[in-house]
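Good morning, and thank you for coming. Please look at the structure that I am about to show.

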Amino acid sequence: MSGHGDPIPMEACKSGPLRGEAHVPGDKSISHRSLILGALAVGETRVTGLLEGQDVLDTGRAMRAFGAEMEKRGDTWHVHGVGVGGFAEPDRVIDCGNSGTGVRLIMGAMATAPIAATFTGDASLNSRPMARVTDPLALFGARAYGRSGGRLPMTILGARDPLPVRYATPVPSAQVKSAVLLAGLNAPGETVVIEREATRDHSERMLAGFGARIASEDGKEGRVITLQGRPELKPQTITVPRDPSSAAFPVCAALITEDSDVLVPNIGLNPTRAGLFTTLREMGADLTYENMRDEGGEPVADLRARFSPDLRGIEVPPERAASMIDEYPVLSAVAAFAQGRTHMPGVRELRVKESDRIDAMAVGLRAAGIAVDEGDDWWSVQGRGFGDVPGGVTVASRLDHRIAMSFLVMGLATEAPMRVDDGGPIATSFPIFETLMQGLGASIIRDTVPA
Ligand code: S3P
């Protein structure tokens with residue numbers, strides 16, 4: 001797992017064609033929520049298709065520490081929940097590893113229970129801002145004692161007599177929204193979250209599925225989400241859809257790798273997640289949606305991506321940012337192979353992900369021969385066109401799975417190989433990345449030469 005093992009240097013070199021089917025793992029956001037909501041329901045929730053990446057496994061371990069039981073039998077995870085307000089006080093520090101989603105959602109879920117818990121993570125997570133979550137949790141009556149700058153390790157004292165909250169999120173963040181909603185579960189009355197820009201809505205959909213009374217309305221102030229506190233959550237049977245954010249990697253690899261034709265089946269196209277695919281199509285990508293259908297109220301399709309040598313740089317609309325926030329690193333790698341400039345405004349949040357993703361990508365892209373401009377909340381990549389991207393460098397993955405995968409995808413089409421100093425973090429979200437990509441024909445290997 002990231003930050004815990006020896007670094008795993010990896011290398012990608014010119015490949016092609018990529019062919020076949022890419023069965024990517026379960027959705028990370030929905031997997032975290034399945035375990036947390038399962039732990040807050042009364043009775044047994046069953047989950048198949050769970051992402052067994054380190055981030056989600058860390059959330060599972062945390063749920064056990066709060067008193068839920070869970071085990072895997074066959075392909076199914078069985079989660080025995082303790083009910084809303086039923087969390088026990090953990091007798092150990094909760095280590096959420098690399099996962100911002102894990103720690104922020106769990107802080108929300110415990111903040112209105114009369115218990116204390118101490119949270120920590122790896123070097124990446126311990127450098128990320130937590131005040132965005134602890135500020136609204138304080139309104140419920142919870143207290144947070146962390147390091148300066150609101151960083152982990154941090155102890156949260158849950159509110160004994162929680163108050164319901166009305167909160168307008170100052171940053172577009174599904175993690176903040178979800179933390180407030182999960183805290184609102186154990187507050188009496190109505191908790192309201194207002195978001196100016198709609199972010200991924202898995203928490204709202206899943207809370208409704210578990211039987212909470214929750215409603216979303218689009219108004220002048222943005223999206224207003226109202227949750228009635230103290231519901232009894234009913235256990236569910238959940239099939240986790242495949243992750244569009246993981247699908248992005250084989251899709252983008254196929255677009256830039258000569259003669260490729262790859263099918264990525266069963267990908268959720270929830271509009272709050274599918275912005276990358278729209279963007280790629282606007283750039284001229286040969287990316288089609290096959291077998292469009294509805295599953296569990298969510299649009300799902302098989303994605304077919306074919307080599308697209310005539311990509312054009314575009315202006316990515318800032319209002320699309322939330323629906324593709326995790327996909328900018330791999331988009332910037334694809335943009336290197338487009339003709340002209342790809343401009344990406346409205347993305348300040350990229351600076352506080354597992355790494356500063358604008359800086360991490362800009363440094364690596366420049367070293368690989370690509371011009372990048374950046375400001376506080378925007379960046380642009382000057383594409384050189386297919387067949388003209390030098391590559392040939394080793395890039396730091398900075399404990400960030402998506403940085404590592406993005407540069408490895410890029411290396412499939414650069415003139416000289418791309419190396420990352422540590423592919424270990426990939427296991428947090430996409431543990432089968434290497435074998436899946438190799439199965440399609442990609443030359444991605446562990447590099448035995450020290451990086
Ligand atoms: C997530 C929300 C996003 C995203 C993260 C998963 C979630 O973070 O980057 O990978 O599951 O709620 P923010 O809410 O901080 O934008």
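I shall describe the surroundings of the ligand.

This is a predicted model, in which local features need pLDDT of at least 70, side-chain atom pairs count only at pLDDT 80 or more, and totals for chains, interfaces and linings use all residues. Residues are numbered from 1 along each chain as its sequence is written, and side-chain values use heavy atoms, with hydrogens and water left out.

Which residues surround the ligand? They are K28, S29, R33, T101, P172, S173, A174, Q175, R200, I325, D326 and K353; a residue is near a molecule if one of its heavy atoms lies within 4 Å of it. By class, this shell holds three nonpolar, four polar and five charged residues.

Helix α1 (28-40) and helix α5 (174-184) each supply at least two residues of the shell, and α1 gives the most, with three. Helices here are DSSP runs (H or I, at least four residues). Domain 1 (10-26 + 241-446) and domain 2 (28-230) each contribute at least three shell residues; the bounds come from an automatic or database domain assignment.

Let us turn to individual contacts. A polar side-chain atom of D326 lies 2.6 Å from an oxygen atom of the ligand. For R33, the distance from a polar side-chain atom to a ligand oxygen is 2.7 Å, and for K353 such a distance is 2.7 Å. The ligand taken alone exposes 390 Å², of which the protein buries 96%; these accessible areas come from the Shrake-Rupley method with a 1.4 Å probe.

Conventions:
Polar contact = N/O pair within 3.5 Å; in protein donor to acceptor, adjacent residues only side chain to side chain. Nonpolar A, V, L, I, M, F, W, Y, C, P; charged D, E, K, R; others polar.
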